[in-house]
2 protein chains.
Amino acid sequence: MHILVVGAGGVGSAVAAIAARRPFFDRLTIADHEVARAERAVATLDDDRFQAAQVDASSADDVAALIARTGATHVLNAVDPRFVMPIFTACARADVTYLDMAMSLSRPHPERPHELTGVKLGDEQFAVADEWEAAGRLALVGMGIEPGLADVFARHAEDDLFSEISEAGVRDGANLTVAGYDFAPSFSIWTTIEECLNPPVIYEEGRGWFTTPPFSEPEVFDFPEGIGPVECVNVEHEEVLLIPRWTGARRVTFKYGLGKEFIEVLTVLHKLGLDSTEPVTVKGASVSPRDVVAACLPDPATLGDRMTGKTCAGLWVRGLGKDGRPRSTYLYHVVDNAWSMAEYGHQAVVWQTAINPVVALELLATRVWSGAGVLGPEAFPATPFLDLLTAYGSPWGVKELDPSA
Amino acid sequence: MHILVVGAGGVGSAVAAIAARRPFFDRLTIADHEVARAERAVATLDDDRFQAAQVDASSADDVAALIARTGATHVLNAVDPRFVMPIFTACARADVTYLDMAMSLSRPHPERPHELTGVKLGDEQFAVADEWEAAGRLALVGMGIEPGLADVFARHAEDDLFSEISEAGVRDGANLTVAGYDFAPSFSIWTTIEECLNPPVIYEEGRGWFTTPPFSEPEVFDFPEGIGPVECVNVEHEEVLLIPRWTGARRVTFKYGLGKEFIEVLTVLHKLGLDSTEPVTVKGASVSPRDVVAACLPDPATLGDRMTGKTCAGLWVRGLGKDGRPRSTYLYHVVDNAWSMAEYGHQAVVWQTAINPVVALELLATRVWSGAGVLGPEAFPATPFLDLLTAYGSPWGVKELDPSA
């Protein structure tokens, strides 16, 4: 197996650091627009299976040429979702396996954005699923932490824990703080604005997919391992598009524990038009307001040393257990920033995203997982994934909740 | 009397439109950095007492040269407070009367900004008050609506209504809405950020002037004439510096009815550093975040046609009446945007600011008001001002409140 990781940012660098401890692959090329970033990621590892390269992720031609030149067999997309389609297309052309951690972008319904879906997350990829399947080629999409591990939990719930799932709701929350800043997001503000200000999507059996206004259905969820209660709201996310394709869950939601403060910040940015990517002119200079917001905030990848706390991703499943009695279970994965910084030198949110595609690549290398088409993580058996995650030193947890609450 | 108005923005243009209906002056020159704006203000009036000119308000030399060239006897500063000192200095040099509607800027205390004053509003002007008085020359400072009419109300309260004032609190609120915008401030966002994010100043007998954190002492004030309750908070404003110099009020405050939404917006802008005037670099361009915020919002001077509602400025006075019994009185002035647009073609907030210096200039022209030095509106008799304001067609009001509440 020769892995090509496209993107040497926070997640791409952490993927390299995690993979370096595993023997399952022969070679890993990490490529970035800025080759020095890729070289830095390789230099820290002292492992001659790794090499750096330059790539323009916005060009399918450039990505396909790099695949051909390196002989890569598996491509992991670790850049932001604007670049899904060129990388995905390059993999089809080069006939290699494709993995990503976020899917092709959505576009709101032009007239009724807060009721109906327009172009959904992943639609562009699923549109060519038949071609991938016919070619016997695999695209494993949404294979980070969320989407990713949350989808594996859905498979595990259906196969091993529940006879009937009334709702599968992803719940994601953290108690991370960053010393020395009034406000310092732990993840890309550009991406956070994109996902939080798009209309959230919900799935219901019979009704299909539909949308709501941003920040709908606020709910306080009590996260485990000392994180405690955090206000969560509906956010557009891939799991809601993936889980209904391969499980019988009758309702699927995604709620993100943004907390009151972050919701207030995003609401104000939107109200003032500061979330916009359309340039405005200021004293002769043309700038995108969203880029100005990002420029005013610290780069989250550099904040690991100042961060304290834990981040949690998980799936809250409600329905009937295998015994036919009501059951409510939260399946989760927690990373403590102090641990990920000490062990890997990568902050918790980035590290938690990065470990999952490495586990998946190992399952593909060992042929425990195999398939063809455009498939989500819930299309594969869950137990081998969950066992291997634990074997990597990062166990997951189960919390039984009161099914009558 | 030859009036020179420096600044042909919203307020300067409204000053010209109001003055055009009055016979008390011989000539009015309106000057702007952008001469076309001044020419537009003159063109709408069809009155040969008016002329347009070009001026650089940041240069005392340029302003003084324009005074000499035009033979102006009275200069009204209608640009933003960054330009107070060059215009004020030019008037001293040219030996003419100076008026403004905002005073020289403050600087927070370097170590304890939320407890102690640093450089206060108007300090630079009061520092040379003796020179102005010795020269027999008048600077009438803070002569808009607030500061301005609110200070006239303080004089009226002390002379005619109260034997003892325990607190004179300016309260300013509105129910203006702007159709077609999620968020559209009715006044310059640059200036609003400046005054609202500076530490608010309070005066107390015995303690003198001191400061608090922004948005302190929130209070819901019930505004008259259908505006209703609005959340008000402490804001740095000139009245607090002026009223104690010429009245015996034992406590002086300024609370602005920003409302919860505006306070939230300003808090978020500050938290993210988007209020800053220090440039950031975005894709090679250097821009001030505060300028980007302003560029994302509509120009308030252009919103009159889309605005609905009323704006109110007033002074809430508490203490003992002339009869020695507890008294609580709100003295106020309300402008309905529908009226000011129909009557003058200027939106309510801008028009309400502009009428007061015109009334003051008429009182100076007729020698009802006279004086020398750097004086606030409360240094002059209030009744002639209030009567003339009513004669201009814009009456003020009095509302008695429960003194035990």
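Biologist: Why is Glu225(A) called partly exposed?

Modeller: Glu225(A) has a relative accessible area of 43%. Buried means under 20% relative accessible area, exposed over 50%, and partly exposed in between, using a 1.4 Å probe and protein chains only. The value of 43% lies in between, so Glu225(A) is partly exposed. Please keep in mind that this is a predicted model, where local features need pLDDT of at least 70, side-chain atom pairs count only at pLDDT 80 or more, and totals for chains, interfaces and linings use all residues. Residues are numbered from 1 along each chain as its sequence is written, chains are lettered from A and ligands numbered from 1 in the order in which they are written, and side-chain values use heavy atoms, with hydrogens and water left out.

Biologist: What makes the backbone at Glu225(A) worth a remark?

Modeller: Glu225(A) has a positive phi of about 55°, although it is not a glycine. Most residues other than glycine have a negative phi. Glu225(A) sits in the loop between strand S11 (219–223) and S12 of chain A; helices (H or I, at least four residues) and strands (E, at least two) are DSSP runs, numbered from the N terminus.

Biologist: What makes Arg367(B) count as exposed?

Modeller: Its relative accessibility is 68%, and exposed means over 50%, so Arg367(B) counts as exposed. Arg367(B) also has a positive phi, of about 60°, and lies in the loop between helix H13 (348–365) and strand S19 (373–375) of chain B.

Biologist: And is His74(B) buried or exposed?

Modeller: Buried, because its relative accessibility of 13% is under 20%. His74(B) belongs to strand S4 (residues 74–77) of chain B. Its contacts (heavy atoms within 4.5 Å) include Met1(B), Thr97(B) and Leu361(B), leaving aside neighbours within four places in sequence.

Biologist: How do you know that Lys283(A) and Asp291(B) form a salt bridge?

Modeller: A salt bridge is a side-chain nitrogen of Lys or Arg within 4 Å of a carboxyl oxygen of Asp or Glu. The closest N and O atoms of Lys283(A) and Asp291(B) are 3.1 Å apart, so the pair qualifies. Between chain A and chain B there are 4 salt bridges.

Biologist: How much area is buried between chain A and chain B?

Modeller: About 2,200 Å², with carbon and sulfur atoms giving 75%. Buried area is the accessible area (1.4 Å probe) that two parts lose on being put together, summed over both. Lys271(A), Leu272(A) and Cys296(A) supply 26% of the area that chain A buries against chain B, more than any other three residues. The contact takes 24 residues from each of chain A and chain B.

Biologist: Why do you say that the copies meet through the same surface?

Modeller: Because 100% of the interface residues of chain A are also interface residues in chain B.

Biologist: How do you know that the two copies are related as by a two-fold rotation axis?

Modeller: Chain A can be laid on chain B with an RMSD of 0.1 Å by a turn of 179° and a shift of 0.0 Å along the axis. The copies are thus related as by a two-fold rotation axis. Superposition is by least squares on the C-alpha atoms of residues with pLDDT of at least 70 in both. In chain A, the C-alpha nearest the axis belongs to Ala285(A), 3.1 Å from it.
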